[in-house]
Amino acid sequence: MLIYLVFLYLMSTASKQEIVQQLQREILRLQGTRPSSSGKTDLGLGPMMDAFPGNSFPTGAIHEFISPRPENVAATSGFTSGLIAGLMRSGGACVWVSSTRKIYPPGLKQFGVEPDRVIFLDMRNEKEVLWATEEALKCDGLAAVAAEIRELSMIASRRFQLAVEQSRVTGFILRNQPRNLQPTAAVARWQIKHLPSITEPGMPGPGFPRWNIELTRIRNGHPGNWQTEWQAGRFHFDAPEKTQPFYEELRRKTG
Amino acid sequence: MPSRYLSLWFRHLKTDYTLIRRPALLNKPFVLASPDHGRMVITAVNPFAAKEGVSTGMAVADARVLIPGLEVLDDSPGLTGKLLRMLALWCIRYTPTVGVDQPDGLIMDISGCAHLWGGERAYLTQILNTLRGKGYDVRAAVADTIAAAWAVARYGNTTPLVEPGEHAKTLLHLPTAALKIDPAIESRLRRLGLDKIHRIAGMPRQSLLTRFGNQLLLRLDQAFGRADELIEPVVPVEVYSERLPCLEPIRTATGIGIALTRLLETLCQRLRQDGKGLRSAVFKGYRLDGRIVETSIGTHRATHHIAHLLRLFEENIATLEPDLGIEVFTLEALVVEDVAPLQPAMWSGTTGLQDNGLSELVDRITNKTGPRTIHRYLPAQHYWPERAMTATTSLDEIAADAWSVARPRPIHILSRPEPIIVTAPIPDYPPMLFIHKGQRHPITRAEGPERIEQEWWLSGGEHRDYYFVEDEQGVRFWIFRSGHYAGLNSYQWFLHGYFA
């Protein structure tokens, strides 16, 4: 009814394009997605921004990361750390909930996260992880919450979503080899995989971390597939074989 | 722990104070006087004037006859009380419980304090030397009871340190005046020849009571430790404890919850007024059958936030068994600390680790699952990967060093390195392929070795040569060889972590 009234009101004043945009915003609001107070959130995701509703990374929401195989877990942790670093830039703290933690805190620094601003909650089992995650998501002083949860039911994810709608905390649920992939209330579902790194010919050693990012589900957005590299503290989306800005810069410097 | 008391006696308190303020009076007879019924009466005499026969209560005119050049200074009323209070406050550095002992002394409860100064003798010497250095003529004694310490300080002529349990023996040889009794009773005792305590200590209580009244018996009991004597501390020790009696015994969880809320409200109100917050508290229920049920909580930061404390306690209410019912509830703050007044947020935003919400979250989780759940890491100056960080439970501890990013470090680490089988061309080259848990990982790129030596002052063992390798799929590993190359058949390669 409300939408219809808005529609009628808008019909009289604006063009068709504007009406559609206005209605989209209205629907987003009704679905519980509130635009972040500080305008658009850009975590350096460059070309991916078009995939998100309103061209803004959905903060105050639950993101689900699926790692079908054990080797994906490290890539997922790395990519998530890069996102968390962006959220923590304003000085916030992060909580990392897990029952089987493998994160090496000094390794987080490479992805821009200050390891001493991360509180690790090492719970005994999955049930405690769910409880602690919900408590953490309700805590509005946090920048982000990362939780390693294997099985996430619709009910649990709905509870998380309700918690973050109040607190505006961004939650990252890292699911390592989940058994069932039924839909959840999470706003997005991601899948991160390693890609062989690309280096200059003749250069020894592994290059920058390179990942394939698959956004399989995004509410009110456009799923897609991207390749990115983590270079000098930020994501780099340009296809490396085309431009390779970092290497060009390096070549310029070294001659 | 046995109680120990220290009594200080300032023999010439007011004249000492005057002398400190007017050093010109040194080595001269002088008195303090105040008007009384139209004449000047001496209230304090310094030792030089006392030697010439001047005493308190004498008229100034009479004293001038004895010492023609006597200096007479005005006495201000209430000076003694003010001075004693000032000295008592100064003495708080030695013990928290210091009381004013009118008219010329201080009494201190030194139980458990003296060892901090290296024993009672050193403690006593320190106090006496400091006070004498300031210019006060002071005597002191340490004993098991307040009355015994008082008596030995003023009338004792051997050691001022009465060993624990020895006070009765020491007291017996002191004059009856050492009991701090009414001068009238004291003079009657003396007239009867009962000049020493040992002469009356063995008398039947009934006859002492009928002849000399209750006070003498009470003082005797207090001196020998049979009756309690109280110190009124100059700075009262605040006890944050609240009590709630119930008309009817409480048996339901709701009732307990209401009682808890009431107690928390009053306690937090008091804490807020004093600018304090509690770090740990215990909630007790006194049951009808005489048992006590209790539950306690702890917080990471001092707080007086009612809703938060209530949530912490609520988890434990179910564990309290009311049985027939609880009659009285008490709530006591065991550890109290100062809190900075809460600043209202001018803008909403994240405040990092200082955020109250975060410390409340940590409290809730600690109270539910125990303190070993929460981890925070600070950098440590070690290359050895397992020691490159130190765990802390504090949210306020600040990292002294920066995190190092000089060398590649994995994002995932295995708590125990897992053995792998490796094919490596020649001793110090990176491996070409490795097998982990039956899976082959052909290596396409590698970096290393990065040799990390054992810190011999911490532990022995082999050094490690770390390689940062990437396999065909782009998965990146951190593997190492333990020790020097030792031939083909040795298993000395391990997988230690994964890079992002």
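This is a predicted model: local features need pLDDT of at least 70, side-chain atom pairs count only at pLDDT 80 or more; totals for chains, interfaces and linings use all residues.
The model scores ipTM 0.82 and pTM 0.65. Chain A has a mean pLDDT of 84, with 84% of its residues reaching 70 or more, while chain B averages 85, with 96% of its residues scoring at least 70. One stretch of chain A calls for caution: over residues 240–245 the pLDDT stays under 50, and the model has four contacts beyond four places in sequence for that stretch.

We can turn next to the place where the two chains meet. Here 44 residues of chain B are in contact with 46 residues of chain A. On the side of chain B that touches chain A, at least two residues each come from α14 (356–369), β12 (374–379), β14 (412–423), β16 (439–452), β17 (464–471) and β19 (493–499). The largest share of that side, seven residues, is supplied by α14(B). Sorted by class, the side of chain B that touches chain A consists of 23 nonpolar, 13 polar and eight charged residues. The chains also meet through strand pairing, since strand β3 of chain A (residues 118–122) and β12(B) pair in the antiparallel sense over two bridges. Within this region, A:Phe120 stands opposite B:His375 in β12(B).

The helix α14(B) also has a partner within its own chain. Two packed helices are described by the angle between their axes and the distance between the axes. For helix α13 (residues 306–317) of chain B and α14(B), the axes come within 10 Å and cross at roughly 15°. Because angles under 35 degrees count as roughly parallel, this crossing makes α13(B) roughly parallel to α14(B). The crossing of these two helices, α13(B) and α14(B), is right-handed. On the α13(B) side the contact is made by B:His308, B:Arg311, B:Leu312 and B:Glu315, and on the α14(B) side by B:Glu360, B:Asp363, B:Arg364, B:Asn367 and B:Lys368. Divided by class, the residues of the contact between α13(B) and α14(B) are one nonpolar, two polar and six charged.

Chain B also contains sheets, and one of them is an open sheet of four strands, with antiparallel pairing and the order β8-β11-β9-β10. The strands β8 (241–250) and β10 (292–303) of chain B stand at its edges, and each has a single partner strand, so one side of each is left without a neighbour in the sheet. Neighbouring strands of this sheet are turned by 15° against each other on average, direction ignored. Strand β9 (residues 276–287) of chain B pairs with β10(B) in the antiparallel sense over eight bridges, and B:Gly285 stands opposite B:Val293 in β10(B). Helix α12 (residues 253–273) of chain B packs on this sheet, where it touches β8, β9 and β11 (326–338) of chain B, and its direction makes about 160° with that of β8(B).

A further open sheet of chain B has four strands in the order β5-β6-β1-β7, again with antiparallel pairing. Its edges are β5 (97–101) and β7 (138–143) of chain B, each with a single partner strand, so one side of each is left without a neighbour in the sheet. From one strand to the next, the twist averages 20°. The strands β5(B) and β6(B) (residues 105–109) pair in the antiparallel sense over five bridges, with B:Gly99 opposite B:Ile107 in β6(B). Helix α4(B) lies across β5 and β6 of chain B, running at about 165° to β5(B).

The helix α4(B), residues 79–91, also meets helix α1 (residues 13–21) of chain B, and their axes come within 10 Å and cross at roughly 75°. The two helices, α1(B) and α4(B), are therefore roughly perpendicular to each other. Their contact is made by B:Leu13, B:Lys14 and B:Tyr17 of α1(B) and by B:Leu79, B:Thr80 and B:Leu83 of α4(B).

Finally, a few backbone details deserve a look. Most residues other than glycine have a negative phi, and most peptide bonds are trans. A cis peptide bond joins B:Gln102 and B:Pro103, with omega about 5°, and B:Pro103 lies in the loop between β5 and β6 of chain B. The peptide bond from B:Gly448 to B:Pro449 is cis as well, with omega near 0°, and B:Pro449 lies in strand β16 of chain B. In chain A, A:Gln177 has a positive phi, near 50°, and lies in the loop between β5 (170–176) and β6 (188–195) of that chain.

Methods. Residues are numbered from 1 along each chain as its sequence is written. Chains are lettered from A and ligands numbered from 1 in the order in which they are written. Two residues are in contact if their C-beta atoms, placed from the backbone, lie within 7 Å. Ala, Val, Leu, Ile, Met, Phe, Trp, Tyr, Cys and Pro count as nonpolar, Asp, Glu, Lys and Arg as charged, and the others, Gly among them, as polar. Axes are lines fitted to C-alpha atoms, for helices over the stretch in contact, and angles run from 0 to 180 degrees between N-to-C directions. Angles under 35 degrees count as roughly parallel, over 145 as roughly antiparallel, 65 to 115 as roughly perpendicular and the rest as oblique. A crossing is left-handed if the near helix is turned anticlockwise from the far one by less than a right angle, and right-handed if clockwise. pLDDT is the predictor's confidence in each residue, from 0 to 100.
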